[in-house]
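The sequence and the structure come first, and the description follows.

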Amino acid sequence: MASTAAGKQRIPKVAKVKNKAPAEVQITAEQLLREAKERELELLPPPPKQKITDQEELNDYKLKKRKGFEDNIRKNRTVISNWIKYAQWEESLKEIQRARSIYERALDVDHRNITLWLKYAEMEMKSRQVNHARNIWDRAITILPRVNQFWYKYTYMEEMLGNVAGCRQVFERWMEWEPEEQAWHSYINFELRYKEVDKARTIYERYILIRDFLDSCELVIVHPEVKNWIKYARFEERHGYIAHSRKVYERAVEFFGEEHVDENLFVAFARFEETQKEFERVRVIYKYALDRIPKHQAQELFKNYTMFEKKFGDRRGIEDVIVSKRRFQYEEEVKANPHNYDAWFDYLRLVESDADADTVREVYERAIANVPPIQEKRHWRRYIYLWINYALYEELETKDPERTRQVYQACLELIPHKKFTFAKIWLLFAQFEIRQKNLPGARKIMGTAIGKCAKNKLLKGYIELELQLREFDRCRKLYEKYLEFSPENCTTWIKFAELETILGDIERARAIFELAISQPRLDMPEVLWKSYIDFEIEQEEFENTRNLYKRLLQRTQHVKVWISYAKFELSVDGPDRLQRCRQIFEEANKSMRSCEEKEERLMLLESWRDFEKEFGSDGTRERVRKLLPEKVKKRRKLTAEDGSDAGWEEYYDYIFPEDAANQPNLKLLAMAKMWKRQQAKDDDDGERSPEKPPTAEEESSGSSEEPETPDKQPEDESERNAGTETEKIYDDRDDDDSSSSDSDEGDGEKKRSRSREEDKD
């Protein structure tokens with residue numbers, strides 16, 4: 001039993017977790033690490049310090065350290081940091097020979113490592129081994145000549161040792177490799193520190209240009225940038241060699257030529273001359289540069305030129321600067337888009353205000369040479385004004401009539417008259433010839449224009465021209481031509497008739513009007529008829545005017561014609577003028593009963609009402625008042641484009657008494673509503689006095705004192721408002737059903753409350 005019990009392994013009981021919800025405060029890995037660091041759980045104690053007491057212990061320590069360094073090097077020879085640490089440790093022990101040997105071994109591994117060479121040379125310089133350091137620098141610049149750090153260190157060491165000749169020799173070896181700009185500046189500053197200005201000038205010359213005479217005297221460019229030329233010139237200026245400095249600037253301008261000009265060079269050159277008080281030279285330099293540098297590259301140049309003129313120039317000089325700047329801007333715009341006529345207009349306006357005639361003509365010729373590529377009038381509208389401005393400039397500014405005539409003729413030859421034309425050009429040309437007292441030439445121009453491309457504007461302009469010259473026979477002929485060209489133009493007929501009226505030929509004017517109204521097609525017939533009627537009224541031919549109104553009413557039944565006819569009869573003095581006017585209103589009302597436009601019929605009745613209000617009697621006023629319509633609000637069903645139901649909308653309609661008499665449904669509806677109101681009134685009276693029934697007198701008095709409602713008959717409402725319109729609400733859905741349902745309701749509480757609400761509404 002014991003063995004059996006011993007052979008069994010007891011399984012520990014696992015505690016059951018009752019609450020498996022997460023803890024309120026969660027512990028993260030970051031928090032665990034931070035707490036471990038704060039409590040210094042992993043902090044190991046430092047190794048014990050070893051004190052060396054004799055030479056033997058020192059040798060053992062050195063042997064141990066060297067063995068460790070050698071093992072590290074043996075593991076990975078390419079890690080240069082191990083070599084440098086090893087050499088620096090030997091250097092700290094003053095074992096220079098051993099350190100030198102380590103550096104040499106490291107250079108055999110990687111001779112292109114810059115840090116290794118620098119540490120090696122620094123060690124030799126610290127130990128004051130100058131020749132060894134020179135040897136190392138020579139080897140470094142021979143193997144890696146493009147590493148500028150070696151050259152800088154080498155020259156600095158030689159200069160610190162006072163070996164100026166040796167330092168210059170190192171610089172010369174360096175310059176043979178044509179290094180970057182800073183190297184040349186270091187060489188120049190070295191020579192200047194020892195007052196060798198001539199040698200510094202020679203270095204600048206080599207710096208900018210090097211001549212190789214060994215092969216073929218070929219010019220080798222080292223650093224020909226503009227900034228280097230400017231530095232060279234400032235060097236000469238700083239040392240007092242003004243002529244040399246100016247010569248450098250001139251050589252720079254010549255060297256770069258016109259293809260590679262730079263504004264900074266000219267700005268520096270101008271500032272140099274400004275310091276020398278050579279203001280005319282400065283102005284010449286700026287103008288020379290502005291003529292050759294594109295506008296977008298000369299912003300700084302313009303700015304400096306403007307400042308110079310403000311300081312040393314006069315008003316004319318400042319204006320020249322501004323004009324030249326804007327001229328360059330416009331030149332760039334027209335070069336970018338030659339068909340940008342707005343830019344040409346601005347450019348020409350600028351040139352006209354400042355330049356001479358030849359320059360202006362040249363710009364105009366350049367502008368008009370940009371003919372629109374498409375023969376469509378909308379593309380030519382802006383272009384044609386270039387020709388107009390050109391001609392006006394030649395006529396008004398240069399006073400050259402012959403050249404102006406040539407400009408107009410060239411413009412007219414250029415326009416494709418078969419597709420479109422510009423009446424303005426023809427008219428301006430003709431007016432120019434009249435100003436030159438060449439009347440036959442002007443008429444010939446206008447005749448050519450009408451023959452090539454007749455237009456309304458051309459014919460109108462020609463007629464106005466002859467009117468100003470008082471050539472009325474020619475005007476008649478032109479009007480006849482005009483009407484043959486455009487017989488539907490009512491304005492032309494009216495103007496022709498007005499001309500004959502002014503000339504006193506009334507019968508001719510009347511005949512023109514008769515011809516006009518007999519035309520089958522007119523653009524504004526109402527204006528023509530009105531002019532004809534006004535003409536007859538002015539001539540006091542009232543019978544003719546009445547006949548005209550009757551003829552016009554045979555063609556149209558417009559309400560304004562009837563009202564105008566009535567007003568005309570009212571304006572004619574006579575004993576029966578009121579009767580005639582009233583008769584016209586009656587005829588108009590009869591004729592417009594079938595009119596669908598109820599607003600026009602209402603307008604007629606309102607005009608008739610105003611007439612009767614001023615000139616009529618009580619009987620006539622009452623008669624017109626009874627003809628006024630009732631304004632009702634209705635609803636109608638809307639249908640969308642796809643045929644679906646779009647809801648209902650409210651609209652106003654007018655119900656005329658004459659029309660209502662012919663519609664029995666409206667009468668039935670009115671009678672039903674009257675009965676409904678009567679029932680509601682009786683119920684209200686019964687509730688107010690239940691013990692005593694009302695007598696007949698009280699009933700009559702109660703009915704007479706009944707308050708008016710919006711649904712009352714039009715006759716009662718019109719008595720109160722003197723013919724004003726009343727408003728009702730109708731529903732077009734089913735008038736008959738609603739009226740019948742109202743009449744069938746009982747006498748209960750619902751009926752009485754509903755009738756009260758309707759009376760309140």
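## Salt bridges

A salt bridge is counted here when a side-chain nitrogen of Lys or Arg lies within 4 Å of a carboxyl oxygen of Asp or Glu. By this rule the predicted model contains 30 salt bridges. In general, side chains of opposite charge can pair when their charged atoms come close.

The model is predicted, so local features need a pLDDT of at least 70 and side-chain atom pairs count only at pLDDT 80 or more, while totals for chains, interfaces and linings use all residues. Residues are numbered from 1 along each chain as its sequence is written, and side-chain values use heavy atoms, with hydrogens and water left out.

## Pairs between helices

Helices are DSSP runs (H or I, at least four residues), numbered from the N terminus. Asp138 forms a salt bridge with Arg173, with the closest N and O atoms 3.2 Å apart. This pair links distant parts of the chain, since Asp138 lies in helix α7 (residues 130-143) and Arg173 in helix α9, 35 residues apart.

A second salt bridge joins the side chains of Glu159 and Arg193 at 3.0 Å, N to O. Glu159 belongs to helix α8 (residues 148-160) and Arg193 to helix α10, so the pair ties together parts that are 34 residues apart in sequence. Burial is judged by relative accessible area: buried means under 20%, exposed over 50%, and partly exposed in between (1.4 Å probe, protein chains only). Glu159 is buried at 15%, whereas Arg193 is partly exposed at 47%.

## A buried partner and a network

The side chains of Glu394 and Arg403 meet in a salt bridge of 3.1 Å, N to O. Glu394 is buried, with a relative accessible area of 0%, while Arg403 counts as partly exposed at 28%. Elsewhere, salt bridges that share partners join Arg246, Glu250, Glu273 and Arg281 into one network.

## Positive phi angles in loops

Glu178 has a positive phi of about 50 degrees although it is not a glycine. Glu178 is found in the loop between α9 (164-175) and α10 (181-193), and it is partly exposed, with a relative accessible area of 36%.

Lys437, also a residue other than glycine, has a positive phi near 60 degrees. The loop between α22 (423-435) and α23 (439-452) holds Lys437, which is exposed at a relative accessible area of 79%.

Note on methods. Helices (H or I, at least four residues) and strands (E, at least two) are DSSP runs, numbered from the N terminus.
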